[in-house]
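The entries below follow the order in which I looked things up.

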Amino acid sequence: VAASPCALAISVPSAVLSGVARAARSGVLVKGGAALENLGTLTAIAFDKTGTLTEGKPRLTDVVPADSATEQELLRVAVALERHSDHPLAAAIVLGGRERLGNAAEAAPATAVQSITGRGITGTLDGQTVHIGKAALFAEVPGGAPPGAISTVDARLVEGGRSTMIVRQGERYLGVLGVMDTPRAQAPVVMARLRQIGITRLIMLSGDHQRVAEAVSSAVGLTEARGDLMPEDKVTAIVALRAEAGKVAMVGDGVNDAPAMANATVGIAMGAAGSDVALETADVALMADDLTKLPFAVALSRRTRRVIRQNLWISLGVVAVLIPATTFGLNIGAAVLAHEGSTLLVVANALRLLAFAPASKAT
């Protein structure tokens with residue numbers, strides 16, 4: 001009776017279940033004890049930009065037609081293709097384009113529309129192939145490079161923190177569109193809180209231009225920004241970070257983030273805005289789409305690990321005392337009381353996690 005390790009057996013599961021339950025009460029879905037424990041050992045966290053560090057509701061801010069095109073023509077072609085995409089930037093172009101077009105008729109529906117991952121979109125309109133995407137796209141597809149005036153406008157908009165898309169129909173460049181997303185208001189506070197609790201590296205991994213990534217990174221307080229990344233480049237970056245920093249989390253919301261999340265120590269999805277693939281891949285989901293829950297989850301994980309260690313010491317300590325005590329005449333009744341008492345003690349200690357609240361909350 002004295003040596004039976006019931007308290008030891010229940011010390012870890014009771015703490016993990018209490019931690020998972022406390023996280024769920026605050027809108028954080030943790031898929032198992034391993035993810036909960038790993039959260040507390042992170043030294044670096046990587047973030048996607050659009051929809052994670054930003055609101056994910058970009059707006060069309062700039063429409064700059066080429067000399068040979070009109071603003072109306074540029075918008076009609078862009079809207080015709082982008083309305084077939086579910087990307088936030090495409091939605092911004094369609095909404096903003098329709099507002100600017102007003103009563104002007106949109107172009108006929110585009111056909112054979114295909115997404116070019118990390119670069120843009122292509123399709124057929126009025127019998128001509130249309131390409132819409134970042135400047136790098138036009139170095140990879142057939143046809144001439146953008147003229148100097150287009151490249152100059154594109155560079156100027158990028159310097160201003162815009163995500164840009166160049167539009168080409170056939171061999172003719174129609175102009176440049178600039179889209180801007182707004183950083184989440186709570187992001188700077190969240191980053192400051194993560195640094196306070198010991199996360200030393202906060203990195204942005206973005207498919208946007210390096211200048212855009214740096215502008216957003218500076219606004220929210222990250223330590224590093226890496227732009228112009230394809231989905232496979234994000235995976236490479238995560239693998240490298242794990243080799244450098246040990247345990248790394250990846251926070252994202254889209255299909256393109258899923259491979260990087262799968263290769264991170266902990267994948268974290270922005271739940272409300274997240275794609276089904278991202279949610280399925282993630283180990284942790286912030287169901288309320290609230291970035292302030294991230295420091296809470298890390299702090300809860302650390303408290304859970306502390307409670308687990310306390311429970312292990314309590315359970316092992318009681319056994320270590322009871323076994324020699326029986327040699328010196330401890331009766332069965334006292335052994336039962338001490339044994340069952342230690343089991344109740346570790347459970348009660350674990351249940352304290354249900355009332356966990358961080359000492360300082362990001363707001």
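**Helix packing and sheet order**

The model is a predicted one, in which local features need pLDDT of at least 70 and side-chain atom pairs count only at pLDDT 80 or more, while totals for chains, interfaces and linings use all residues. Residues are numbered from 1 along each chain as its sequence is written, and side-chain values use heavy atoms, with hydrogens and water left out.

For the terms, I noted that helices (H or I, at least four residues) and strands (E, at least two) are DSSP runs numbered from the N terminus. Axes are lines fitted to C-alpha atoms, for helices over the stretch in contact, and angles run from 0 to 180 degrees between N-to-C directions.

I then listed the contact (heavy atoms within 4.5 Å), where the α1 residues include Leu-8, Val-12 and Arg-22, and the α12 residues include Phe-296, Leu-300 and Asn-311. By class, this contact of α1 with α12 has 12 nonpolar, 6 polar and 1 charged residues (Ala, Val, Leu, Ile, Met, Phe, Trp, Tyr, Cys and Pro count as nonpolar, Asp, Glu, Lys and Arg as charged, and the others, Gly among them, as polar).

Next I turned to helix α7 (residues 187-196), whose axis comes within 9 Å of that of α12 (residues 293-327) and crosses it at roughly 20 degrees. Val-190, Arg-193 and Leu-194 of α7 meet Leu-294, Pro-295 and Val-298 of α12, a contact with 5 nonpolar, no polar and 1 charged residues.

I then followed the open sheet of 6 strands, which has antiparallel pairing (at least two DSSP bridges between two strands) and the order β3-β8-β7-β6-β5-β4. Its edge strands, β3 (59-65) and β4 (111-116), each pair on one side only. I found 6 bridges between β3 and β8 (residues 172-180), and Val-64 stands opposite Val-176 in β8. Last, I noted that helix α6 (residues 148-159) lies across β3, β7 (163-169) and β8, and runs at about 5 degrees to β8.
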